[in-house]
Amino acid sequence: MENCIFCKIAAGQIPSKKVYEDNELLAFHDINPAAPVHFLIIPKAHIATLADCNASHEGLLGRMMALAPKLAEELGCGVKGLGAEATGGFKSLINTGPDGGQEVYHLHLHVMGGSRPWAGQR
Ligand code: 5GP
Ligand code: ZN
């Protein structure tokens, strides 16, 4: 997609701090991190928003979600321990549309972890 910043990142035309890449997905650090660890998981193929997804995207969306804890673990914000004894962890977020706070119209899953900058917020 022309003039899509994340398509350009996926194509290597704009540099990014890469976390993970396979033939379908790319993960890279957010340029303006909201947490000590903040990266984005995107499909390489252009999809504007989550609202543009349908049943044919279920596998892709599942692989994006399943990748989040794996990469969070690698970047030091995985969950350690079980149940009430657990420490660590991260938020996973997809902003969708203007009222959802979406700024870049190429589907992306935010993964944010570290020292809980949102503590006290919902
Ligand atoms: P949204 O508000 O659309 O859910 O989030 C877009 C995110 O993309 C923001 O957190 C913003 O900091 C990040 N972002 C925007 N442009 C770039 C860029 O060129 N490179 C990287 N790495 N992140 C970007
Ligand atoms: Zn795109």
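Which pocket is the space taken by ligand 1? The space taken by ligand 1 is the largest pocket.

## About the model

This is a predicted model, where local features need pLDDT of at least 70, side-chain atom pairs count only at pLDDT 80 or more, and totals for chains, interfaces and linings use all residues. Residues are numbered from 1 along each chain as its sequence is written, chains are lettered from A and ligands numbered from 1 in the order in which they are written, and side-chain values use heavy atoms, with hydrogens and water left out.

## The ligand and its pocket

A pocket is found on a 1 Å grid over the protein atoms alone: it is an open set of points where a 1.4 Å probe fits, with protein on both sides within 12 Å along at least five of seven lines. A molecule sits in a pocket if more than half of its atoms lie within 2 Å of its grid points.

The shell around ligand 1 holds 16 residues (each with a heavy atom within 4 Å). The closest are Asp30, Asn95, Glu103, His108 and His110. Helix α1 (5–10) and strand β2 (25–29) each supply at least two residues of this shell. The largest share, three residues, comes from α1. Helices (H or I, at least four residues) and strands (E, at least two) are DSSP runs, numbered from the N terminus.

## Polar contacts to the ligand

A polar contact is a pair of N or O atoms within 3.5 Å; within protein, one must be able to donate a hydrogen and the other to accept it, and residues adjacent in sequence count only if both atoms are side-chain atoms. Asn95 places a polar side-chain atom 2.8 Å from an oxygen atom of ligand 1. For Glu103, a polar backbone atom is 2.7 Å from an oxygen atom of the ligand. His110 uses a polar side-chain atom, at 2.8 Å from a ligand oxygen. On its own, ligand 1 has 520 Å² of accessible area (Shrake-Rupley method, 1.4 Å probe), and the protein covers 86% of that area.

## Gln102, a buried loop residue

Gln102 lies in the loop between β6 (90–93) and β7 (109–113). Its relative accessible area is 7%, so Gln102 is buried (under 20%; exposed is over 50%, partly exposed in between; 1.4 Å probe, protein chains only). The Gln102 side chain reaches the backbone oxygen of Ala48 at 3.0 Å. A polar atom of that side chain also lies 2.9 Å from the backbone oxygen of Val104.

Leaving aside neighbours within four places in sequence, Gln102 is in contact (heavy atoms within 4.5 Å) with residues including Asn95 and His108.

## Glu74, an exposed helix residue

Glu74 lies in helix α2 (residues 58–74). Glu74 counts as exposed, at 54% relative accessibility.

Technical notes:
1 Å grid on protein atoms, 1.4 Å probe; cavity = no way out; pocket = protein on both sides within 12 Å on 5 of 7 lines; lining within 4 Å.
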